Amino acid sequence: MLKLTVPAVLLLGLAGCGSVGGEAASAVAVRLLTAVASDDGATACATLAPQTRAELEESAGQPCDRAILDEDLPAPGTVTGTDVYGQWAQVRLTGDTLFLATFPDGWRVVAAGCTPRGSRPYDCAVQGG
Amino acid sequence: MKRFVKENALGLTFGLLFVVVLAGQAYAGLADYNQQQLTEGLPRISFARYVTSASFGADVAENWQSEYLQFFLFIFLTVWLVQKGSPESKNLDKVGRESDQDQKIGPYADENSPKWARASGVRLFLFANSLGLVMGAIFLLSWIAQFIAGRAAFNEEQLGNLEDPMSPGQYLMAPDFWNRTLQNWQSELLAVASMAILAIYLRQRGSSQSKPVGTAHTATGVEG
């Protein structure tokens, strides 16, 4: 009986709890795009994952709060869907798709300004890792 | 207490080993998972978070389902299939479900027979097939758990690779699901086949899984 119970418990804990944390992730995604639309580079950069921020600064050759405003990220649209699996989330808005990961202080954007390329990974304007 | 341990040593030992090895798997899996997290510039996760993760669940369930499938198949197929000379097989002339008398069912039940062996209808059917049915049920539940947890773990990787997650229908047809499934099935089937055949010619003195050392290679259905 123990072995029947354990898979059931595992299922509850592990299975694709697609919406758990989804609202928090989409709020961070919208905060990034809203900040960029408002020319608030500092707030926008605060939503980025450390590696994404570092790679943005390295590729642009300027501080994050200026570089992020040059990336032509779209204005924040309506959230059309969110998927959360483990440490990762995908937030889909009208006009953009963002990928986020969990950190000790909450969700952070790993990639933004992403467009699909069929079966290949998304092509993202801002991307870390 | 001492007597209880001695009389149940086989189940207790394997149960204890199971817990120890599962804990080892959890710690090794956590280290592996966190290595990947560091590579991707992401923070480490805790032990508690890992043992409730889809990644750990899929790794556990994929092995469980194949083990129980192995037992389920072995239990049911050995009703009708025999292997000459193997202690894993019953005698060649006993193929099939055997007579009520041989199985001590109904009027042939003795004073020590379980109550349901004297019953009839559904109760007798369930009890007469309970070992295979329970093994089969655990197999199915574990396989479903592997599917659900495996999909969640796979989708976590997909998002980490900046790719779309898969729906349940897509994952059912995905190479990841069938690779996890079949790589475990093949090893279990090989283990059963090799045990059934090697035990014809090889012996392990004192083991219930071997024929007595001096028994002929051709002797079937004899266990030590």
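Visitor: Which residue stands opposite A:A111 in β5(A)?

Guide: This is a predicted model, in which local features need pLDDT of at least 70 and side-chain atom pairs count only at pLDDT 80 or more, while totals for chains, interfaces and linings use all residues; side-chain values use heavy atoms, with hydrogens and water left out. Residues are numbered from 1 along each chain as its sequence is written, and chains are lettered from A and ligands numbered from 1 in the order in which they are written. β4(A) and β5(A) run antiparallel and are joined by five bridges, and strands here are DSSP runs of E with at least two residues, helices runs of H or I with at least four, numbered from the N terminus. In β5(A), the residue opposite A:A111 is A:Q127.

Visitor: In what order do the five strands of the open sheet in chain A lie?

Guide: Two strands pair if DSSP finds at least two bridges between them, and the pairing in this sheet is antiparallel. β1 (79-85) and β5 of chain A stand at the edges with a single partner strand each, so one side of each is left without a neighbour in the sheet. The order is β1-β2-β3-β4-β5.

Visitor: Is A:V126 buried or exposed?

Guide: A:V126 is found in strand β5 (residues 120-127) of chain A, and beyond its neighbours within four places in sequence it is in contact (heavy atoms within 4.5 Å) with residues including A:I68, A:L73 and A:A111. Buried means under 20% relative accessible area, exposed over 50% and partly exposed in between, with a 1.4 Å probe and protein chains only. Because its relative accessible area is 1%, A:V126 is buried.

Visitor: Over which residues of chain A is the pLDDT below 50?

Guide: pLDDT is the predictor's confidence in each residue, from 0 to 100, and chain A averages 88, with 84% of the residues scoring at least 70. Where pLDDT is low, the predicted coordinates should not be read in detail. The stretch of chain A below 50 is residues 1-18.
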